[in-house]
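Dear colleague,

Please find below the structure that I am handing over to you, together with its sequence. My findings follow it, and I would ask you to read them with the structure open.

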Amino acid sequence: MSMTHDDNIPRSALVAAGAAVAAGAPLRPQARAKGPLVWLDMDQQALDDAYDQIVYAPNREQVTKRRIANSERARAAIGAPERVAYGPTEIEKLDIYRSAQAHAPINIFVHGGAWRAHRAADYACLAEPFVRAGAHFVILDFTNVDETGGSLFPMIEQVRRAVGWVYKNAGAFGGDASRLYLTSHSSGSHISGCVVTHDWRRENLPVDILKGATLGSGMYDLKPVRLSKRSKYVKFTDEMEEALSAQRHLDKLNTPLVLAYGSCETPEFQRQTRDFYAAVKAAGKPVELLVGEGYNHFEMLETLPNPYGLLGRAVLAQMQLGPR
C-alpha cells in the first residue's frame, strides 16, 4: 500500500502524514468522531487499526520484496536447505540450513503473516548469520487459518509437532538436541507463545525442551484480537481464546524468554508485549524486554539476520554464540 496524490490534499499535508507514520502514528486520518469504547480507550475503528499492520506500516510490501530478494541471495551463498517432512500433511515440512560445525545448537524460526500467509522459503535470509556463527537454522512451514476453516488449533499443533521432530531428530543432521532455541515474529510469536507454554510431558518430552526463545512483535492474549476485525477470518471461541492465550498459562513456561517490539508498531502490539513481559516477570520466570527504537512491525524482523541488529545480537547471545 502506498500513499497516492490527491489534488484536494496539499503536498505539505502528504509530507506531514508520511512523517507521522514514520514516527509511529497511524496512516488513517484521525479527524473523526470517536465511537463507543470496545477495548481499553479504543473504539471499534481504533481497535481494528491496532490489529491491521498496514495502517501503521505502509511500507509492508517494500520490506517483503526486500526479504524475498535477500532470501534468494542467502541460498546462493549458503546453499539450498534440506527439506524434510515433520508431519503427515503436505504442508508439514521444514527447511534445515546446516552449519559446518558438528553437534551444533539449533534455532527454529516460526514466521508470521496474520496467521494467513507466507512460506519458509521466503525467510532464508534469516539463516545465514546463524549458520556462519555455528548454528543450524530451521524454518517451518505450517498451515494457515484460511485453510483450516478459521481455527488456530491446527497451526499450533503443527508447530509443536515440528519442534518435537527437531528435538528427536537433531542428531541425524548434526544438531545438539540439548541446545534447541525458538525465534519468531508477529503471528508466529503468538504461535510460539503457545509452544513455550505447552506441557511437553504429554509427548514424553522434557519440559525444558527449549533452552531459550526470542519472540518478536507478537500477541499473547486473544481477547482483544477476538474483538477486532480479525474475527472476520478467525472463528474465535471461548475455548480457543482461553487455550491459545499464552499469558494465561505461565505455570507451564519453562523457557527463558526475550520479548521485543518496535516503537513504531501499533499500540496493541506494543501493549501485548509489555503486558506479557510484566506477567512473565511477575511469575518469577526469566525474561528480557527489548524495544527497537524507530522500527515498525516489519522492519523489526530485519534486525534478526544482522548479527549486530537488535534481534540478531539478542538471539546469538541467548545461544551463547558470536558473529563470524
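How many bridges join strand β3 (residues 82–85) to β4, and do the two strands run parallel or antiparallel? Four bridges join β3 to β4, and the two strands are antiparallel. Please bear in mind throughout that this is a predicted model.

**Confidence**

The protein chain has a mean pLDDT of 93, and 91% of its residues reach 70 or more. Residues 1–17 are a stretch where the pLDDT is below 50; beyond near neighbours in sequence, this stretch has 11 contacts in the model.

Strand β4 comprises residues 93–97, and five of the five are buried, so the strand is largely enclosed by the rest of the structure. In a regular strand, side chains alternate between the two faces of the sheet. In β4 both faces are covered: Lys93, Asp95 and Tyr97 are buried on one side, and Leu94 and Ile96 are buried on the other.

**Strands β9 and β10**

A parallel pairing is found between strand β9 (residues 257–262) and strand β10 (residues 287–292), which are joined by six bridges. Within this pair, Tyr261 stands opposite Val291 in β10. To pass from β9 to β10, the chain goes through helix α10 (residues 267–282), and this β-α-β crossover is right-handed.

In soluble globular proteins, nonpolar side chains tend to be buried together. The largest nonpolar core in this model has 58 residues, of which Trp115 and Leu152 touch the most other members. Helix α6 (residues 153–169) gives the most to this core, contributing seven residues. There is also a second, separate core of 27 residues, and among its members are Ala120, Ala127, Leu290 and Met319.

Leu215 lies in strand β8 (residues 212–216). Its relative accessible area is 0%, so Leu215 is buried. Residues up to four places away in sequence aside, Leu215 touches Ser184, Ser189, Ser192, Gly193, Tyr220, Val258, Leu259, Ala260 and Phe276. The C-alpha atoms of Leu215 and Arg271 are separated by 14 Å, and these two residues are 56 residues apart along the chain.

Is His249 buried or exposed? His249 has 15% relative accessibility and therefore counts as buried, the cut-off being under 20%. Its place is in the loop between α9 (238–243) and β9. Leaving aside neighbours within four places in sequence, His249 is in contact with Thr197, Glu242 and Ala243.

**Cysteines**

How many disulfides does the structure hold? It holds zero disulfides.

Yours sincerely

Note on methods
Residues numbered from 1 in each chain as written. Predicted model: local features only at pLDDT ≥ 70, side-chain atom pairs only at ≥ 80, totals over all residues. Heavy atoms only, no water. Pairing = 2+ DSSP bridges. Right-handed = clockwise from strand over helix to strand, strands pointing away. Core = buried A, V, L, I, M, F, W, Y, C linked by side-chain atoms within 4.5 Å. Buried < 20%, exposed > 50% of the residue type's maximum accessible area, 1.4 Å probe, protein only. Disulfide = S-S within 2.5 Å. pLDDT = per-residue confidence, 0-100. Contact = heavy atoms within 4.5 Å.
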